[in-house]
Amino acid sequence: MSDAALSGWLPRVRKPSALPGFGLTLGFAVSYLSLIVLIPLAVLVARAGTLGLDGIWRVATTPRVLAALEVSFFISAAAALVNAVFGVIVAWVLVRYEFPGKRLLDAAVDLPFALPTAVAGIALAALYAENGWIGGLFVPFGIKIAFTPLGILVALIFIGLPFVVRTVQPVLQDFDREVEEASATLGATRRQTVFRVVLPSLTPALLTGVALAFARAVGEYGSVIFIAGNMPFVSEIAPLLIVTKLEEFDYAGAAAIATVMLAISFLALLAINGLQAFSRRRFGHA
Amino acid sequence: MALLGPSGSGKTTFLRLIAGLEAPTAGRILFGDEDATKLAVRDRRVGFVFQSYALFRHLTVAENIAYGLRVRPRRTRPADKEIRRRVADLLELVQLSGLDKRHPAQLSGGQRQRVALARALAVEPRVLLLDEPFGALDAKVRRDLRRWLREVHDRTGHTTLFVTHDQEEALELADRVAIFNRGTIEQVGTPDDVLDRPATAFVAGFVGEAVRLPVDAAGSWIRIGPHQVATPEENVGGPAELFVRPRDLVIARPGVDAIPARVIGVRRSGTSRRAELSLAADLPTVEIELPEGRSVRRGDVLPIVLATVRLFTRLPPHASRGEVSAKRTEGS
């Protein structure tokens, strides 16, 4: 009783638990995160801070920077959404069907993780250029892929795919076949079963995958610069602009753009997290 | 009707065949006069309650129950109001009114079971199929649900088939019992039939905790190890198997021709007391139910007689019997 009464007005730091180790692990987690993530980011923000708030604002709102941010975030979001659809299909095929070469395909999903992204960028640029194997197919339709924003999209889809596949795959693997069978015995068509039962169950995992793919895409540099064409206002991404600033020894300016990216990314990920928490409640995974 | 048999005997597969979740390699599945063999699962209108319940955990209890109605094509789908009314009726039937907004994760095992049943009943199935309906529940909940299921069955009048490996459950709950063994049905009959008039040696051995004793039969007597016992009927001569249940043996009154049996242990089984007896060194031990107040100790020798004689001539190995269409695969 008194515990419950206390927790009403004391800030609740820990849930009472029978499992020991809370203090130790929390301390470790916080110091580790500080060393690896928080302190470097704080230094970054401090560096940008030398410009003052209005200084950051001025750098961030120059037309070229605004255009680059727009390219970065919109195309990243688009790539994440494309991966949401096709990643689920790939995961589905890998989980549900047996076919020769399945293990190879499964391993291939991770290649975008392992490949130096510059290598991927060069390969993609060669393939999707107007004289490349795939790019050539689109020429008759007047569509150029490499060296346009479309090229950026292709590169970002490439690097984001494994995130969606690898988060959805285990959940789909654990999905109870009997639930699908139950749906069928209740008179649902296969389509209804997939859309009303299977996909809703995948939603929390899918959101995680999309968030990861999106975050990775926003920060991607190596593969994009080879295929983007890097035209200011058209196909120039924010990370490239940061590198440009660095090469001009404008460290504060680079930090300012980085800080703005950081803020937007943080808000976007926070929003996705919120959506996830909602879907967990909604879809009963709590 | 109960489908009873040891695990791996094809009960669940049989149920899944009826539901259309497995395809038969041969034979037909009839619902009344209608051939349902080629009918797709969703057109069979069966209510299937899975052992794991297989509830939709992203839906509330009410949405789970309404699912079968909501997925109908618009032409045959009842109006929203009608669906809500049906759901409310079913919730009342399964005694879960007030829990309609919960998610399955927030329910106990027994409650989930009832949601699964309500969900299956919502589509007004032609036949209700239950796979080990009480398998995952504790003994008390099991007993209550058993009685309750019987009531629901009597009230709704659905033909109900349920799979179980618990004979007590099958014999208590079902009007008829089908005994499965290795993918074939050994006997279909009332609980009294399978208990008192087993059709095959397997049924005699499987139902009612019988012990199998190898005997030699001839005329109106049989030889059990070194003992010779008179039987009420004429027997087919030759090697045979005698099936002995605890209640088949009684302690003989003095002066009656009896088999001397050595007590090798006394134990309780539920409310009764049983003694484990050895008839001969090389025979399996048998059990006898002890009358109230009779004190027996290890090492005593009891005179016993056979009250019931259940004798089957020993079948040559791999004797063929009538095959049912159920394919033998491991039930999931």
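In this predicted model, helices α3 (residues 80-93) and α4 (residues 109-122) of chain B have axes that come within 10 Å and cross at roughly 140°. How do α3(B) and α4(B) lie to each other? Angles over 145 degrees would count as roughly antiparallel and 65 to 115 as roughly perpendicular, so α3(B) and α4(B) are oblique to each other. Their crossing is right-handed.

Which residues make the contact? On the α3(B) side they are B:Arg86, B:Leu90 and B:Leu93, while α4(B) brings in B:Ala118, B:Leu121 and B:Ala122. Sorted by class, this contact has five nonpolar residues, no polar ones and one charged one.

Now let us turn to the sheet. Chain B has an open sheet of six strands, in the order β4-β5-β6-β1-β7-β8, and its pairing is mixed. Strands of a sheet pair through backbone hydrogen bonds, either parallel or antiparallel. At the edges stand β4 and β8 of chain B; each has a single partner strand, so one side of each is left without a neighbour in the sheet. On average, neighbouring strands here are turned by 20° against each other, direction ignored.

Here are some of the strands, with their residues:

| Strand (chain B) | Residues |
|---|---|
| β1 | residues 2-4 |
| β4 | residues 46-49 |
| β5 | residues 127-131 |
| β7 | residues 177-181 |
| β8 | residues 184-189 |

Strands β1 and β7 of chain B run parallel and are joined by three bridges. B:Ala2 stands opposite B:Val177 in β7(B).

Finally, where does helix α4(B) lie on the strands? Helix α4(B) lies across β4 and β5 of chain B, running at about 170° to β4(B).

Definitions and conventions:
Residues numbered from 1 in each chain as written. Chains lettered and ligands numbered in written order. Predicted model: local features only at pLDDT ≥ 70, side-chain atom pairs only at ≥ 80, totals over all residues. Heavy atoms only, no water. Axes fitted to C-alpha atoms, helices over the stretch in contact; angles between N-to-C directions. Helix = DSSP H or I, 4+ residues; strand = E, 2+ residues; numbered from the N terminus. Parallel < 35°, antiparallel > 145°, perpendicular 65-115°, else oblique. Left-handed = near helix turned anticlockwise from the far one by under 90°. Contact = heavy atoms within 4.5 Å. Nonpolar A, V, L, I, M, F, W, Y, C, P; charged D, E, K, R; others polar. Pairing = 2+ DSSP bridges.
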